[in-house]
Amino acid sequence: MIQQRFASRKSILLVLAGILLLALLALTWRIISLQKEASEIVAEKVLKLRYCGANPDELCILSFGRDAEENLAVSLFVPDRKFPDFYLKIKRITGESVYECEKNKEVSTSVFCYGEMVNLQEKMEVSLLAEKDDRLLAAGNLTLNAILLSTQSQGSDGTPTLAAGATAETLTSTAETPIAATLTPQLSYPNPSYP
Amino acid sequence: MNVWADGLSVIVDRAWVVFSIFATIIWGQVLIVAPLRKHFRSRFTNAEYASLGMAGWILPVAFGAVLLFAGSYLFGDIAELIFTLLAVTVFISALVYGKSYQVITPAWMPIFLISVILQFSFLDKTILPLYFDSAEHYRIIKFLTGYYELTGSGQPLINYYHVGFHFISAAVAHLFQLGIVDIMLVFGQAVLVVLPFSLFFIIKQETQSNMAAAFACLLAGIGWHMPAHLVNWGKYPALFSLPGILFVFSIGYLLFQNKKSRPSILYLLMGFGILISVLIHSRSLVVFFFSAISLYLTFWRKRLPPIYQHLVFGIVLFIFMIEIGYVHKSAALSPLLDGYLRNDLWMIILAAALTLFSIRFFTDLTFLLFASLSFLVLGLFVPVHLPGFGTLTLLDRPYVQMLFYLPLSIFGGLGLAGLYRFLQGFYYYPKQLTRLAAFLMFGFVILNAMVNHDFYPSDCCQIVSRDDLTALQWMDKTLPSDVSVLIASADLFVTSFESPAAQAGVDGGVWISALISRKTFSLPGEADFYQSQTHAEVCKLGADYIYAGGMPQSFNVQQLDEQDNWYLPVFSLPAVKIYRVNGCE
């Protein structure tokens, strides 16, 4: 009787559908528990703050910039959308400065921090602190070596390209070698449109 | 980079958005399949109904979005509550009375899940929706959501002719409380997941072969650079028009099949489908028109004596080849061919080989496809003057380039079915040969995809960097709301009739207006800032600031830096510089 019951194609399909549904439920449960774990890890561990590579996937500093009023702009990459709101504290020989940080409303993995300019060649300890309870989220030791004007050089075919190594800012961490600032792809732009 | 890990990571990260979008699609699917199931009952398999649903979902969703918008505009928040209750009631009724429980057959589930993971890996490397079109789409969706949030004012008039996509996105964003960027990015990938399955119905009906239908779907999914490349172009309305087009074609096929008694539900659905498709992308009307002419030609050809049928087929093929020659010669149009030959050469060769079997065993549908292709290419050369938009063509190159994947995939499916019939005529081992042919075809397409198909964003079209986002945040924080910003642009070059006035943004500056609501003016990126005439022109435009992004066609920062009496740097990051315009008397 059992054989007859399970011999029909419909029954086999039903069983397969059931197995798939169970697999989906297990996957969903796993996803939810991974999310919980991730937020707990963020809650407990102090992350190391460093400069981003070409394809950032961890918390890191994308670039430093400046404005006409000698304020420092710091661009950060935050991989986890649920990363708590934070502010920066930069400790230098001359003292400590607090930098307000704001997540981008549309792209919450991009954070912009803004505050007092840092002197060149000054070593600084950069800390990320949670806005809610001032908990230390991440820290790193960095030195701002130079802030150069960004220049574009004409390639031999007249196509503007970013000169290799011409970065707006360079910085070094005490433990790491300098990494080039954010690079844009050096590909010729489409002509005609929609390549 | 691991496409599987990246895809899963995106799904985890954006779980609520992904769920909301697929819930919307399933809602639409259940509603559109219910009347078809009620009428046709067991005439079609579950897979065929699922396929119809995966094309037709957009009809109830678009209709619902327009209804919700109209209701919210006229009656306020109460309309949202009524709409939600209505949507749930209608959904349950469709499930119960239409018996449309199965939105996807169990056999498709593994392929569906794989497709979801692969397509969503695209978002792991995406900051904002790509290219310059996306900024405009964002702006329109934001404008519409303003009416839901009671911040919109005046009549909701939009100077844009493809508004269906924007209504859908605004409605879903508002109902599920999602960000506009998330909606655009996730919805686009979700449509790419679902779209290939919508081809199953027509091929299955024509060939009576599940394998051939599945092969057409596989080709549509991973065989070509289209339609996936559309999200690199930010052409979301065009992408969203495809389900509607496929649904109309499927209903058209059903009408053709039911010659003796054509149920009125089919006419209703066809009319509804055409209306929604045109609302989403107005050029769908041209596609339907050309398809209707091609269909008429197919019927006319069928009535001719066999020798003339072959002659007509040959003439249409010849005309198509001539048109391809003209496309190849045109600088504006040749990227259509380059795109397929550069990215999909092996698939083109495979489709061409299979077309021979398609011609042999499914002559009428093959003729219809070639006739349609000829008309589509012809549409690239027919000028149309539209007030306010200048001289355009009936169809533009990106649109036709998008559509080409459809007949090519159908040729593949018909061709495989034709190859089966050919092999079954063999004396020795026909069954084994058929299975071997299927294995080789499927394997070849999958292998080609593993080597050539790029699931990540293309470098061609990422014009926004994270420095752009930071710069925009700085601008929003520090610059007054009434300032004007000059951004770089380049000639828009998609038809032979484009005027030099047609310009397109080339860097992150194109998002200034959309994201931070500052007015922008554009100037060609190659503007010479050493020249006083350029400064005079900038002053005449009334630009207070100049935005120089990090793209090769952005403004030349070296020139701007060296003219600091006219252009004072006020903000700099590695990939962005902003200048204040001085010296305008």
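Leu76(A) stands opposite Val111(A) in strand E6 of chain A, in a predicted model. The strand that pairs with E6(A) here is E3(A), in the antiparallel sense and over seven bridges; two strands count as paired if DSSP finds at least two bridges between them. Helices (H or I, at least four residues) and strands (E, at least two) are DSSP runs, numbered from the N terminus. E5(A) also pairs with E6(A), again antiparallel, over four bridges, and a hairpin of six residues joins E5(A) to E6(A). Within this pairing, Tyr114(A) of E6(A) is the bridge partner of Glu100(A). E6(A) is mostly covered, with six of its seven residues buried, where buried means under 20% relative accessible area, exposed over 50% and partly exposed in between (1.4 Å probe, protein chains only).

Glu100(A) also leads across to chain B. Lys477(B) forms a salt bridge with Glu100(A), the closest N and O atoms being 3.7 Å apart; the rule asks for a side-chain nitrogen of Lys or Arg within 4 Å of a carboxyl oxygen of Asp or Glu. One salt bridge is found across the interface of chain A and chain B. Several elements of chain A each supply at least two residues of the side that touches chain B, among them helix H2 (9-44), strand E3 (71-77), strand E5 (95-103) and strand E6 (110-116). The largest share, six residues, comes from E2(A). E2(A) is also joined by two bridges to strand E7 (residues 567-573) of chain B, and the two run antiparallel. There, Arg66(A) has Ser572(B) as its bridge partner.

Taken as a whole, the interface brings 51 residues of chain A into contact with 64 residues of chain B, contact meaning heavy atoms within 4.5 Å. About 5,000 Å² is buried between the two chains, with carbon and sulfur atoms giving 57%; this is the accessible area (1.4 Å probe) that two parts lose on being put together, summed over both.

In helix H10 (residues 200-207) of chain B, seven of the eight residues are buried, including Phe200(B), Phe201(B) and Ile202(B). Their cover includes helices H3 (46-56), H11 (210-223), H13 (236-257) and H21 (405-424) of chain B. Gln208(B) follows H10(B) and has a positive phi, near 55 degrees.

Residues are numbered from 1 along each chain as its sequence is written, while chains are lettered from A and ligands numbered from 1 in the order in which they are written. Local features need pLDDT of at least 70, side-chain atom pairs count only at pLDDT 80 or more, and totals for chains, interfaces and linings use all residues, while side-chain values use heavy atoms, leaving out hydrogens and water.
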